[in-house]
Amino acid sequence: MLLGAVADDLTGATDLALMLAREGMRTIQVVGVPDEDLDIGDADAIVVALKSRTIAAADAVAQSLAAAEWLIAGGAEQIIFKYCSTFDSTPEGNIGPVLDALQARLAAPLTIACPAFPANGRSVYQGHLFFGDMLLSDSPMKDHPLTPMSDSNLVRVLAAQSRSSVGLVPFKTVDRGAAVIRAAFDKAIDDGHRAVIVDALTDSHLRVIGEALADMRLVTGGSGIALGLPENFRKAGKLRAASGTAAFQVPAGRGVVLAGSCSAATRRQVVAAIASGVPAYKIDPLSIASGKITAQAVVEWIRSVPEPLPLVYSSADPSEVSAAQEALGRQAAGEIVEELLGLVAAELRAQGFHRFIVAGGETSGAVVNALGVPALRIGPEIDPGVPWTVSVGSQPVALALKSGNFGADDFFLKAWNLVA
Ligand code: ADP
């Protein structure tokens, strides 16, 4: 193994694994801290998917360190800490505390934080994160059910969560190429910084930043930050010829869409799917809590639908989400939906469903845990950052795991048609 990554949620891990596979690394995604005896075959890169974005910071740190320890023992020369391209976190973390802990473990004098993902409209300019043409704090992320983002200044956001002094490598430096960026890293260390936010507006920026990161033990960011890293290993003669994503086979069986994301893109995708005639069943935390909606009832409805692709969704607008959160609490409202969708997925698999399209990072984590999937092989890309995957091990299932804000409006049918 050359490159090891710790991702704070499942869809983020998939997005990163896809990026590394596309750039020519044999990549496997592992779900949860791996067992010591997990066979990784001839993988160049392993992405460990945790579900640590919104758990207590101390737990996120412990799990991330355990994953890093496993990656280091497996030979990883460089570690990526992958989080969302919208820097999803709370004032308590967990990006800062995990970054601090991994940096200490790797004895890295400096690390970077760069969530830019230009293909999906996330760019960083003067340390400020943009979501398309909006500042992050003006974007729909301000209403996220678990990690509302109200500040776009990442230097400030990270400094508040981290013990590190945080600096900035601005656009005008990045634009001058890898050598100038490396000099800026040296200067940041001299200035007493342990982390720097790095501006990036385009994939070209990400590639030159990647080049400048060849010797950095810990790199943190969105999946975009991995764009230029495989080339460093290739230049050093360590990476064998690209294997791509060949030999990808999707198991036969019925499919279902499970959408637990309330992000704007997912809500549009739900509307578009219904408008295209996809039969849909809406669930909500209050009805689940009162026992009005049960996993069994949802499964029965899905089985009764003749069309190939039923949709179950809890996606709701911010006012509905707040009402449920006021009644049940923020965490509990989320968990009750995740738990139900997990139960539904497990029951459906037992009944011969082998293709799952899941919307939402946390939701995908819940579904994959409920299905007991140990690792995923990466397949064809559906939309930027979202591939089909197939689980490793006995009884394989195909999973399209979508971060809430990813994908075009027709994502669900597009995903289905790619394997139908
Ligand atoms: P995203 O990728 O868009 O962030 P996630 O699945 O990570 O989506 O997070 C969405 C969270 O919101 C989950 O915990 C989910 O269970 C919760 N949730 C889903 N629907 C509702 C709802 N109607 N009300 C409150 N919370 C909800």
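Domain bounds here come from an automatic or database domain assignment. The chain is assigned two domains, domain 1 (3-235) and domain 2 (254-419). Their centres, taken over C-alpha atoms, lie 27 Å apart. The model is predicted: local features need pLDDT of at least 70, side-chain atom pairs count only at pLDDT 80 or more, and totals for chains, interfaces and linings use all residues. Residues are numbered from 1 along each chain as its sequence is written, and side-chain values use heavy atoms, with hydrogens and water left out.

The interface between the domains was examined next. Contact means heavy atoms within 4.5 Å. By this rule, 29 residues of domain 1 touch 34 residues of domain 2. The size of an interface is often given as the accessible area lost when the parts come together. Buried area is that loss (1.4 Å probe), summed over both parts. Between domain 1 and domain 2 it is about 2,500 Å². Carbon and sulfur atoms give 62% of this area.

Three salt bridges are counted between domain 1 and domain 2. A salt bridge requires a side-chain nitrogen of Lys or Arg within 4 Å of a carboxyl oxygen of Asp or Glu. The side chains of Lys51 and Glu362 form a salt bridge, with an N to O distance of 2.7 Å. Seven residue pairs, both residues at pLDDT 80 or more, are in polar contact across the interface of domain 1 and domain 2. A polar contact is a pair of N or O atoms within 3.5 Å; within protein, one must be able to donate a hydrogen and the other to accept it, and residues adjacent in sequence count only if both atoms are side-chain atoms.

On the side of domain 1 that touches domain 2, α1 (10-22) and β2 (27-31) are the elements that give two or more residues. Helices (H or I, at least four residues) and strands (E, at least two) are DSSP runs, numbered from the N terminus. The most comes from α1, with seven residues.

An open sheet of three strands runs in the order β6-β7-β8, with antiparallel pairing. The edges are β6 (122-125) and β8 (134-135); each has a single partner strand, so one side of each lacks a neighbour in the sheet. Strands pair if DSSP finds at least two bridges between them. Four bridges join β6 and β7. Ser123 has Phe130 in β7 as its bridge partner. Two residues separate β6 and β7 in a hairpin, and Gln126 in the turn has a positive phi of about 50°. Strand β7 (residues 128-131) pairs with β8 over two bridges. Phe131 is bridged to Met134 in β8.

How values were computed:
Buried area = accessible area lost by both parts, 1.4 Å probe.
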